[in-house]
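Look at the sequence and the model side by side.

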Amino acid sequence: MSDAAGAEGDRRLRVDLDVDPSGDRGCPIVAEADEAAEVAVNAVGDECVVDVTTPDGDVRRGTGEVDEDCLCHAFGRLGCVPHFRRVEDGTVLVTTYVDDRDAVRRLVGELREVVDRVRLVRLAVVEGPDATEQVTFDLSALTPKQRRGLELAVVRGYFDDDRDVRLSELADELEISKSALSQRLRTAQAKLVTDVFDGAER
């Protein structure tokens, strides 16, 4: 069974992340090519073997040493299975499935300990035994500033019912005014809601 649904076919979240592996650690996923249409990873024991297929169809194999700072281990520590989709300009698009928003925050936090940069690109709700997507939140329609503000708000738990973070704290972290962040979040949310309902009508 796919990791997109639990044993009972419960609702889960599909998470798409852009990840920049740390250059000084020599991750074999990006060491062989800055662009890859397909990525296959086999990490066994102390060695990681990666086959990357470049956009022109050339298959290259890279190897690396497995340690606690590896990208795959960061996913594994939270019980997540990474699906490496492609590489663009040294940035890896990874898909995984989690149970709830708290797991998204924990995963992003774990990845930030071992990679140069991680960015939430897309969230999709999947449910049922066939793990079909019911509602999709596509963050690619947002500007980089809107996406960064929304990502920070989600990761810090700003939208949670029992939140303990203030808008002013998030604004300080982004080095912008509270009103500017509020406007960014309102605009981003409006875009996402419009996209969800437009998609539901098609």
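**A walk through the model**

D51 stands opposite R61 in β4. This is a predicted model, where local features need pLDDT of at least 70, side-chain atom pairs count only at pLDDT 80 or more, and totals for chains, interfaces and linings use all residues. Residues are numbered from 1 along each chain as its sequence is written, and side-chain values use heavy atoms, leaving out hydrogens and water.

Start with the sheet. Strand β3 covers residues 47-53 and is joined to β4 by 7 bridges, the two running antiparallel. Strands and helices here are DSSP runs numbered from the N terminus (strands: E, at least two residues; helices: H or I, at least four). Two strands pair if DSSP finds at least two bridges between them. The sheet is open, with 3 strands in the order β2-β3-β4 and antiparallel pairing.

Now the core. In soluble globular proteins, nonpolar side chains tend to be buried together. A nonpolar core is a set of buried Ala, Val, Leu, Ile, Met, Phe, Trp, Tyr and Cys residues joined through side-chain atoms within 4.5 Å. Buried means under 20% relative accessible area, exposed over 50%, and partly exposed in between (1.4 Å probe, protein chains only). The largest nonpolar core has 51 residues, of which L17, I29, V39, L71, F75 and L111 touch the most other members. Domain 1 (10-125) and domain 2 (142-197) both give residues to this core, so it lies between them. The domain bounds come from an automatic or database domain assignment.

Which residues does I29 contact, leaving aside its neighbours within four places in sequence? They are V39, V41, V50, V52, L71, F84, V87 and V92. Contact means heavy atoms within 4.5 Å.

Next comes R119, in strand β7 (residues 115-127). R119 is buried, at 19% relative accessible area. Its side chain and that of D18 are joined by a polar contact of 2.5 Å. A polar contact is a pair of N or O atoms within 3.5 Å; within protein, one must be able to donate a hydrogen and the other to accept it, and residues adjacent in sequence count only if both atoms are side-chain atoms.

Finish in a loop. D89 lies between β5 (83-88) and β6 (91-98). D89 is exposed, at 65% relative accessibility.
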